[in-house]
Amino acid sequence: MKKKLKNFLSIPLRAWRSRGFGVHSPFAFRFITEVIRCPHGYYAYPAIGSSAAARRLYRIILALAPEKVIVTGPLSDSLAVAVSLAKAEAQAAPHRDKLAVVPPEAIVGISYLRSILAAGGAVVFTNIQNAGCAEIFAEIAPCGMTFAGLRQAVVVGGNLPRQQFPVLI
């Protein structure tokens, strides 16, 4: 009950941050305003469907452009389509080595995710309301720049400052 109240009370701060206010890192500002909260449509949206989470995952993978996308558990159909479409495009000009997608039923080690972040990769959690995902997220959040919503979260590693941004995602 306390967690639900805390999440509800954090919505004004999350809405404020989601517009880029109070964000001083150029990478974080661009990532929040142009990737996470992007108001524009993409040509792949009809193939992905109407799922906002799948569309957001597609944009995140395109923006981070990993050479390899590792899915650590079963995904819904729309999320799987988003990953496959984005993976094909991101591999054309990779910026990062790996990106791990962690769904609620994931079987993945915390040390493995930390190694991905240490190498400059990224980790995307599809549902941090799940107790298992929330626990893994809490363990690796200090290892990178964190963008956490009420449901989804992204942790980006590398030489970025260790900052946390609560946003509406």
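**Charged pair and cysteines**

Modeller: Glutamate 139 and arginine 114 form a salt bridge, with their closest N and O atoms 3.4 Å apart. The pair links distant parts of the chain, 25 residues apart: glutamate 139 lies in helix H8 (residues 131–140) and arginine 114 in helix H7 (residues 110–118). Helices here are DSSP runs (H or I, at least four residues), numbered from the N terminus.

This is a predicted model, where local features need pLDDT of at least 70 and side-chain atom pairs count only at pLDDT 80 or more, while totals for chains, interfaces and linings use all residues. Residues are numbered from 1 along each chain as its sequence is written, and side-chain values use heavy atoms, with hydrogens and water left out.

Biologist: Why is the contact of glutamate 139 with arginine 114 called a salt bridge?

Modeller: The term requires a side-chain nitrogen of Lys or Arg within 4 Å of a carboxyl oxygen of Asp or Glu. The closest N and O atoms of this pair are 3.4 Å apart, so the label applies.

Biologist: How many salt bridges does a search of the whole structure find?

Modeller: The search finds one.

Biologist: What makes glutamate 139 count as partly exposed?

Modeller: Buried means under 20% relative accessible area, exposed over 50%, and partly exposed in between (1.4 Å probe, protein chains only). Glutamate 139 has 39% relative accessibility, so it is partly exposed. Arginine 114, at 35%, is also partly exposed.

Biologist: Is cysteine 133 buried or exposed?

Modeller: Cysteine 133 is buried, because its relative accessible area is 1%.

Terms used
Helix = DSSP H or I, 4+ residues; strand = E, 2+ residues; numbered from the N terminus.
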